[in-house]
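The following exercises concern a multi-chain model. Each gives a task and then a solution in steps.

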Amino acid sequence: MSKELEPLADPGLPEHVHRKADIDPIAAKRAERQVAVLFALSAVGTFLFIYSFFFIKDDVFIFLPIMGNTNAHQLGIGMGMALSLLFIGFGAVHWAKTLMPDQEVIAYRHELKSAPEDRSEFVKTAKEGAEQAGLGRRPLIKRSLAAAVGLAGLPAVILLRDLGPLPGNSLNETSWKTGTKLVTDPGDRPIKASDLQVGGVAQVMPALLAGQKRTLENIAKDAVLLIRLRPSEFQLDAERLSWTHEGIIAFSKICSHMGCAVALYEQTTKHLLCPCHQSTFDVTRAAKVIFGPSARPLPQLAITIDADGYLIAKQPFTEAVGPSFWERKS
Amino acid sequence: MTARERVAGTVANYVDERTGAAAWMKKNLQKVFPDHWSFMLGEIALYSFVILLLSGTFLTFWFDPSMRHVVYEGSYQPLKDVEMSASYASALHISFDVRGGLLMRQIHHWAALIFMAAIVVHLLRVFFTGAFRKPREFNWILGIALLTLGIVEGFLGYSLPDDLLSGTGIRIAHAIIQSIPVVGTYLSFFAFGGAFPGEVFIPRIYIVHVLLLPGIFLALITVHLMLVWYQKHTQYPGPGRTEKNVVGYPLMPVYMAKAGGFFFIVFGVTAFLGAVASINPIWLYGPYTPGQISAGSQPDWYMGWLDGLVRMSPPLETHAFGHTISWNILLPGLIIPGIIFTGMALYPFIESWLSGDKREHHLLDRPRNVPNRTALGVMSLTFMVIAMINGGNDIIATHFDLSINQIMWFSRIGIIVLPPLAFVITKRICLSLQRADRELVLHGKETGRLVMLPHGEFIEVHEELSAEKKFTLTQHEQPKAIALVKEDVGGVLNPKGIRARLQARFSAANAENIAKPTATEVKELEGGHH
Amino acid sequence: MGFISKYRRHKGALPILIMLALTGLGLTFSAATAAPAKNTMTASAKSTIIEEGEEIFLKGCSSCHGLNLEGGAVAPALIGVGAASVDFQVGTGRMPMQDMSQQAMRKTPVYNEEQVAALAAYVASLAPGPRAYTNEEINWERDGNTAEGGELFRNNCAMCHNFAGQGGALSQGKYAPTVMGVEAKHIYEVMITGPQSMPVFSDTIITPEEKLSVIKWIKAAENEPNLGGAALGRVGPVTEGLLVWTFGLGLLIGIAVWLTAKAR
């Protein structure tokens with residue numbers, strides 16, 4: 001191997017090979033006809049679109065292999081549009097490929113850098129302009145200008161203040177208060193302990209007060225999942241056990257990770273699985289996280305029964321529900 | 001002069017008298033563009049953008065971006081009398097009660113997916129061929145900006161109908177905003193006008209989606225194209241192609257016909273997809289409510305990697321002094337993507353800093369000739385692909401009878417182990433290909449024909465490569481390692497310090513190439529050698 | 001020369017022999033593993049349907065579920081599961097379980113309707129449990145409300161079974177199966193019995209009328225044609241993205257290659 005890397009010489013552009021349509025006028029005519037056919041097919045597509053749009057009812061279905069029952073109206077206008085566009089393209093490209101000149105052309109790159117005279121002229125002009133503005137010699141103008149412009153940007157930011165209210169303590173509060181009845185969602189029926197079988201779940205909301213409407217903002221914090229196990233299956237400390245009632249335990253349905261609804265309950269394993277990022281919570285251990293990215297268990301709602309035997313909240317949630325935030329203490 | 005020529009002449013004269021257009025029209029109609037299929041990937045993105053503008057404008061004539069509660073009264077029976085937002089109801093109206101509405105919705109969404117896919121393959125082409133080098137660094141940054149904004153624009157777009165799937169995505173975006181330390185809760189209350197979901201988010205993102213971002217796109221794409229126009233397109237190395245010329249076809253008529261035709265083809269393919277493949281069937285998802293969720297909820301593909309990173313994150317959160325920092329959200333959701341995209345944007349500068357190469361480049365690299373860059377690219381791709389696979393882990397689990405837990409662990413470990421492995425393998429493959437090129441130049445192409453020599457030996461006849469091919473395979477530069485100069489003759493330490501050491505290290509790695517054959521070597525072999 | 005001798009070096013001889021051997025092996029295997037139920041049924045004398053059920057149980061189920069339905073290491077006890085469970089599990093072919101994997105999967109039922117009814121009667125006779133239903137008494141078409149059923153489905157079922165009832169992943173390789181193509185009575189029974197990982201949806205939590213609405217919505221979804229074209233599995237953006245990267249980009253790049261290739 002030689003030490004000097006002298007490259008091979010550039011042989012220049014390869015010989016131009018003529019196309020059939022360049023040499024043979026019959027081939028050229030055939031290419032022209034092919035282009036015309038492609039454009040004509042485009043027109044066919046357009047007519048298919050127009051016919052399907054006006055004359056095919058949108059409840060007509062036809063059976064196609066692979067696709068099954070297909071809506072004829074949708075297929076007609078869609079394919080009509082697709083064909084009308086595609087064939088214009090195919091025609092234009094075929095025309096360019098077969099009939100337009102295909103001799104490669106060489107153009108030369110000019111140096112991007114400006115000529116030295118232009119560069120020095122620019123520097124001179126810029127310097128002169130700056131001197132004429134006089135900022136360098138007049139620091140008072142420079143500083144007061146900077147201050148004014150800097151301050152003038154503030155209203156733009158301040159105007160955004162009313163985009164929304166301040167969070168206040170709202171993230172720590174839900175509609176659940178002491179004595180709030182648990183009701184089914186949907187249906188708003190209050191629930192007795194005997195309504196829920198072992199191995200059953202119920203989607204639950206706090207009962208509405210008279211005349212109150214449930215908003216999506218309420219649902220986003222109040223949604224609760226009610227699960228019934230056998231009391232012996234719990235592995236809870238005394239306090240958390242006292243938040244259950246005869247094997248019924250309630251958790252916030254809003255995932256402590258990023259807020260999706262954790263409603264996927266596996267009866268055999270007693271695990272709750274959040275379908276968004278697969279955080280897995282162990283119901284027997286107060287929704288302790290056993291897999292996945294969530295860092296906190298689901299908040300447990302303390303429940304008991306009222307005088308008529310309906311399930312009620314014993315107290316509000318003892319922590320904020322939903323995803324974490326800076327001000328969250330734990 | 002024919003009648004047509006006279007009319008054309010009058011028009012041209014009219015315009016030129018008012019604008020002086022003749023001069024620059026003449027120059028630009030003759031502009032030369034190199035012709036290679038891999039140069040059309042950016043065009044797919046450009047044309048998809050136009051399709052998005054056209055189909056999107058159509059949709060705005062019926063879409064109502066309001067979150068006020070309505071009861072559905074349209075023709076889709078399974079949602080009869082269901083409570084929903086006006087935006088969801090209007091999207092259903094477009095799908096079922098406006099002729100061509102569903103088609104345009106589908107074309108719009110397919111075009112968005114193709115737009116992002118085209119940007120990614122275009123980015124890969126530009127990266128692997130080194131087209132981002134001087135003088136095109138700024139264009140590369142514009143491209144990364146377009147990629148980032150495209151992801152945001154797509155996310156906002158499919159969130160407009162306020163269905164269960166996209167609403168879940170907004171919930172997650174909200175959690176990311178809320179988790180930002182110090183200002184998170186304020187930002188989220190300002191963005192949503194209060195508690196989640198609020199009543200103002202959809203109208204606000206509507207204006208971002210149809211006015212702000214498209215405007216920014218138009219501006220950025222215009223500058224992006226103008227730079228390509230002015231700096232002239234790069235070209236692949238080959239016979240007759242140098243750093244100082246462009247070989248190709250003129251704008252008029254060839255390029256106009258081919259590029260113009262390709263626009264119609266991209267539009268046609270998108271319309272074809274809109275005709276035969278269902279996308280975003282919002283009526284099946286149902287309206288968004290925070291109390292519901294579907295199994296197998298994913299964002300659109302270009303955000304799948306984000307979802308995958310979030311899913312595989314370890315459950316890290318710190319609680320200190322009455323405050324919480326959710327690393328399990330910030331790391332995969334903001335910090336790592338931020339590092340990745342910043343790194344991508346700065347890459348041209350990083351590469352030129354490490355290699356010391358400050359020259360202009362208009363000839364593209366063949367990826368095998370720059371093994372380190374190619375390996376780095378494949379490594380990054382591997383990272384993204386593993387993240388994306390994890391984003392779909394539940395769909396993969398149901399369809400291939402696997403366990404999501406196993407896929408998650410595979411991804412957690414794989415995303416650390418597999419990218420470096422991919423780097424090593426790719427680099428070795430590049431070096432092998434270089435070796436193969438060297439063999440081809442020195443010994444010619446194997447023809448598969450066996451010949452028995454008079455003394456009984458069997459040889460395979462090799463066909464010598466043409467001069468053009470030999471040139472293409474050897475025209476590239478092979479950088480030499482920059483020697484590390486720790487101190488000068490006087491004993492003074494190198495002022496560049498650690499930078500000098502890094503540069504020496506990386507340039508040594510860059511110089512690891514199979515030496516290409518020189519002219520003398522080739523000449524030595526010319527003479528019947530097999 | 002005999003036929004076999006004449007053709008023994010024919011180039012098709014070996015493939016045909018292999019096909020015959022494989023077919024024979026397969027037939028032997030399926031004969032060996034065939035359910036014994038039908039033959040033994042007609043052979044023995046039966047007095048009541050419960051005795052019939054007991055016989056089937058002892059032959060086909062007791063090895064895992066115990067002679068007295070007490071369960072065992074691999075199978076749960078069946079005391080109190082009721083006729084509904086048996087009708088669902090055996091009627092959808094989940095039981096008898098093919099292999100000892102995580103989850104019983106739906107497959108072609110081994111026992112016919114008569115035998116299922118007998119098994120159900122036997123199990124129900126040992127301890128009270130939810131009763132089985134017939135398709136005729138589940139009047140979902142008349143008494144159900146599709147839209148209400150959709151709301152109920154999205155609230156209670158979609159998180160496991162997906163928005164269109166296509167099924168979804170649970171942890172550790174378990175899965176919620178598709179709800180498409182299931183008989184109405186089986187859907188009703190499955191909500192009441194909560195098999196394997198599925199929770200129990202008793203009539204007090206989802207009322208019988210609500211259950212009929214759920215069934216009506218499921219049937220509507222099953223019969224709903226895909227308005228926009230091929231459904232791509234009704235699983236959402238994953239398959240849509242896959243289509244773009246394979247077919248969409250593939251087609252466009254292929255066209256780009258054609259476009260820049262030199263014409264002949």
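**Exercise 1. Helix H10 of chain B**

Task: Determine how many of the residues of H10(B) are buried, and compare the reach of the helix with its expected span.

Solution. The model is a predicted one. Step one concerns burial: 19 of the 26 residues of H10(B) are buried, so the helix is mostly covered, given that a residue counts as buried if 20 or more other C-beta atoms lie within 10 Å of its own. Step two concerns length: from first C-alpha to last, H10(B) reaches 35 Å. At 1.5 Å a residue, 38 Å would be expected, and the value found is close to that.

**Exercise 2. The contact of chain B with chain A**

Task: State how many residues each chain brings to the contact, and which element of chain B gives the most.

Solution. Chain B brings 94 residues and chain A brings 77 residues. On the side of chain B that touches chain A, helix H10 (residues 251–276) gives the most, with 16 residues. Sorted by class, that side of chain B holds 45 nonpolar, 37 polar and twelve charged residues. A further step looks at strands across the two chains: strand E3 (residues 105–108) of chain A pairs with strand E4 (residues 245–250) of chain B in the antiparallel sense, over four bridges. Within E4(B), B:Asn245 is the residue that stands opposite A:Tyr108.

**Exercise 3. The surroundings of C:Gly173**

Task: Is C:Gly173 buried, exposed or partly exposed? Locate C:Gly173 in chain C and list its contacts beyond its neighbours within four places in sequence.

Solution. C:Gly173 lies in the loop between strand E1 (168–169) and strand E2 (175–176) of chain C. There are 16 other C-beta atoms within 10 Å, and therefore C:Gly173 is partly exposed. With neighbours within four places in sequence left aside, C:Gly173 is in contact with B:Leu402, B:Ser403 and C:Gln102. Finally, the C-alpha atoms of C:Gly173 and C:Gln103 are separated by 8.6 Å, although these residues are 70 residues apart along the chain.

Methods: Residues are numbered from 1 along each chain as its sequence is written. Chains are lettered from A and ligands numbered from 1 in the order in which they are written. This is a predicted model: local features need pLDDT of at least 70, side-chain atom pairs count only at pLDDT 80 or more; totals for chains, interfaces and linings use all residues. Two residues are in contact if their C-beta atoms, placed from the backbone, lie within 7 Å. Ala, Val, Leu, Ile, Met, Phe, Trp, Tyr, Cys and Pro count as nonpolar, Asp, Glu, Lys and Arg as charged, and the others, Gly among them, as polar. Two strands pair if DSSP finds at least two bridges between them. The expected span of a helix is 1.5 Å times one less than its number of residues. A residue is buried if 20 or more other C-beta atoms lie within 10 Å of its own, exposed if 12 or fewer, and partly exposed in between; C-beta atoms are placed from the backbone.
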